[in-house]
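Please look through the sequence and the fold below before reading on.

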Amino acid sequence: KSYVPPNSRTAILYVRQMQHMPQKALLQLVLRPLVMAAARWKYSKTCPEEQLHQLTVQLEDESWSGSLFILQGSVWKESTFGPLDESPKKKSKTAEAEAEE
């Protein structure tokens, strides 16, 4: 955040569990919404906060956690999402089999 010039249009999505190269499941979840948000932001000149917050809800539903930072003027607005544990939820094969019965 310290490298971002004040009064610029910037948002940072930090996902705690993301590795150096994003995991496939994470990339599939965020890529399209982030590209759409960037395009909307470019053409409307307004930060698509609702769209970005909706993405954090989807991430939280999948047990990802982290923070969304949005620069408003020279002030960073932060919202956190997700559980405190480090790994996204994964259904075990036993749990999936029981759910099908």
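This is a predicted model: local features need pLDDT of at least 70, side-chain atom pairs count only at pLDDT 80 or more; totals for chains, interfaces and linings use all residues.

Residues are numbered from 1 along each chain as its sequence is written, and side-chain values use heavy atoms, with hydrogens and water left out.

The sheet is open and has three strands in the order 1-2-3, paired in the antiparallel sense; strands here are DSSP runs of E with at least two residues, helices are runs of H or I with at least four, and both are numbered from the N terminus. Two strands count as paired if DSSP finds at least two bridges between them. Because strand 1 and strand 3 stand at the edges with a single partner strand each, one side of each is left without a neighbour in the sheet. On average, and with direction ignored, neighbouring strands of this sheet are turned by 15 degrees against each other.

Strand 1 and strand 2 run antiparallel and are joined by five bridges, and within this arrangement Ile12 stands opposite Phe69 of strand 2. Helix 2 (residues 49-61) packs on the sheet, where it touches strand 1, strand 2 and strand 3, and its direction makes about 175 degrees with that of strand 2. Such angles run from 0 to 180 degrees between N-to-C directions, the axes being lines fitted to C-alpha atoms, for helices over the stretch in contact.

Strand 2 (residues 66-72) also pairs with strand 3, antiparallel and over seven bridges, and Leu71 has Trp76 of strand 3 as its bridge partner. The hairpin of these two strands has two residues between them, and in it Gly73 takes a positive phi near 70 degrees.

Thr10 lies in the segment before strand 1 (11-15). Why does Thr10 count as buried? Its relative accessibility is 17%, and buried means under 20% relative accessible area, exposed over 50% and partly exposed in between, with a 1.4 Å probe and protein chains only. Apart from neighbours within four places in sequence, Thr10 is in contact (heavy atoms within 4.5 Å) with Val4, Trp41, Phe69, Ile70, Leu71 and Trp76.

Gly82 is found in the loop between strand 3 (75-81) and helix 3 (93-100), and with a relative accessible area of 25% Gly82 is partly exposed. Leaving out residues up to four places away in sequence, Gly82 touches Glu60, Trp64 and Ser65. The C-alpha atoms of Gly82 and Glu60 are separated by 4.3 Å, although the two are 22 residues apart along the chain.
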